[in-house]
Amino acid sequence: MKYRIPFLLIVLIGISLLFVSCDKPAPEPESQSFLMLGTVCKITIYDHPSDEAFSAAFDRIREIENHMSLHTDSSEIALVNANAGKEAVQVSPDTFAVIEKALEIARQSGGAFDPTIAPLVQAWDIGGENARRPPDEEIATLLPLVDYTKVELNAEAYEVYLPEEGMALDLGGIAKGYAADEVKQILLDHGVNKAIVNLGGNVLTLGRKPDESLWRIGIQDPNDGRGAYVMIVELDDTSLVTSGPYERFLEFEGETYHHILDTKTGFPVESDFTSVSIITQSSFLADALSTSVYALGYEKGMDLINSLDGVQAVFLTDDREVILSEKASDGELGYSLTDETYRIKE
């Protein structure tokens, strides 16, 4: 006896087989890391890892480093600094854009963030091979060279001029953020929509996790070792950048000096915070703001953050308080406290 299978049933079976065959498991995430920009730069791709995407991303970071490193004699920044008081120097659109943004943040922060701080950074060299505590007299002679208002830009020719001999630019407080945003665009251009870019603590998340849940990123406890977190925040296609004194410091004659310098005194900033974490879509902006707000302190720092659209902040203090900016505390930020010795400030 022959059985007839209804045509509709055949169609339905065919459709179900089509869905089964198309339902491929998500690829395993792949990571690559290199030492660049003075730190470990790591990229993890979750949906479409490829050698081409990794290669293009790291080539871009290397290009930015070659243009903007304070520690490379051949960089564009080194050339600008070497010609201070002599002549203007033409730089790439990359370097010009970063200097422009640095000066904008300097104005917004009243000079708490200042890209002309390089003479002081070089004198202290905290985190470098020649770290030292400069004499008061040396610091006093360098302070007049720190003044972002003196930097002259020619936007038509991409020229930068430092009018006084001895002036120097340091883009270390903002270049990693710019690089992270550039890497994001390169990954998108290569069809990558789910990834994490971590440039030495500058974390940028691309899209959501493969299961469409939010990324969970830890904010480190400044008083504990790496991997000890105070809280976990949930990120959706955004960036988190943290600044604090715990990563680089100098111990000298019983005193500890950290690397975030006060542009007014020339000495390490005396801050209300043990760390500042900025959460916003632009890693470029978050990088500069994290340093600015750390230097500004509670009142001025909080006022600056609350005045900016799409920017949230998490502050940690010596007495183990967690302070949230307005947009972070009104429900826009998902988070969970993971260290019971800390408390949320009401």
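Helix α2 packs against helix α4 (residues 93-108) at an angle of about 70°, and their axes are 9 Å apart. Because angles of 65 to 115 degrees count as roughly perpendicular, α2 is roughly perpendicular to α4. The crossing of these two helices, α2 and α4, is right-handed. On the α2 side the residues that meet α4 are Arg60, His67 and Met68, and on the α4 side they are Asp94, Thr95 and Val98. By class, this contact of α2 with α4 has two nonpolar, two polar and two charged residues. The model is a predicted one, and the positions given here should be read with that in mind.

The crossing of α7 and α8 is right-handed. From α7, the residues Ala175, Lys176, Gly177, Tyr178, Ala180 and Asp181 take part, and they meet Ser283, Phe284 and Asp287 in α8. By class, the contact of α7 with α8 has four nonpolar, two polar and three charged residues.

| Helix pair | Angle | Axis separation |
|---|---|---|
| α2 and α4 | about 70° | 9 Å |

**A residue in α7**

Ile186 is part of helix α7, which spans residues 175-189. Is Ile186 buried or exposed? Its relative accessible area is 14%, and because buried means under 20%, Ile186 is buried. Apart from neighbours within four places in sequence, Ile186 is in contact with Ala53, Ala56, Ala57 and Arg60. Arg60 is also one of the α2 residues in the contact with α4. Ile186 and Met231 are 45 residues apart along the chain, and their C-alpha atoms are separated by 30 Å.

**The nine-stranded sheet**

An open sheet is formed by nine strands in the order β1-β2-β6-β7-β10-β13-β14-β15-β17, with mixed pairing. Its edge strands, β1 (30-36) and β17 (343-344), each pair on one side only. Within this sheet, β14 (residues 312-316) and β15 (residues 321-324) run antiparallel and are joined by three bridges. Opposite Val314 stands Leu324 in β15.

Two helices lie across parts of this sheet. Helix α2 (residues 51-68) lies across β1, β2 (39-45) and β6 (195-199), and runs at about 20° to β1. Helix α9 (residues 298-306) lies across β13 (275-280), β14 and β15, and runs at about 160° to β14.

**The three-stranded sheet**

Another open sheet has three strands in the order β8-β9-β16, and its pairing is antiparallel. The edge strands here are β8 (215-220) and β16 (334-337), each of which pairs on one side only. On average, neighbouring strands of this sheet are turned by 25° against each other, direction ignored. How many bridges join β9 to β16? Four bridges join β9 (residues 229-235) to β16, and the two strands run antiparallel. Glu234 has Gly334 in β16 as its bridge partner.

Methods
Residues numbered from 1 in each chain as written. Predicted model: local features only at pLDDT ≥ 70, side-chain atom pairs only at ≥ 80, totals over all residues. Heavy atoms only, no water. Pairing = 2+ DSSP bridges. Contact = heavy atoms within 4.5 Å. Axes fitted to C-alpha atoms, helices over the stretch in contact; angles between N-to-C directions. Buried < 20%, exposed > 50% of the residue type's maximum accessible area, 1.4 Å probe, protein only. Parallel < 35°, antiparallel > 145°, perpendicular 65-115°, else oblique. Left-handed = near helix turned anticlockwise from the far one by under 90°. Nonpolar A, V, L, I, M, F, W, Y, C, P; charged D, E, K, R; others polar.
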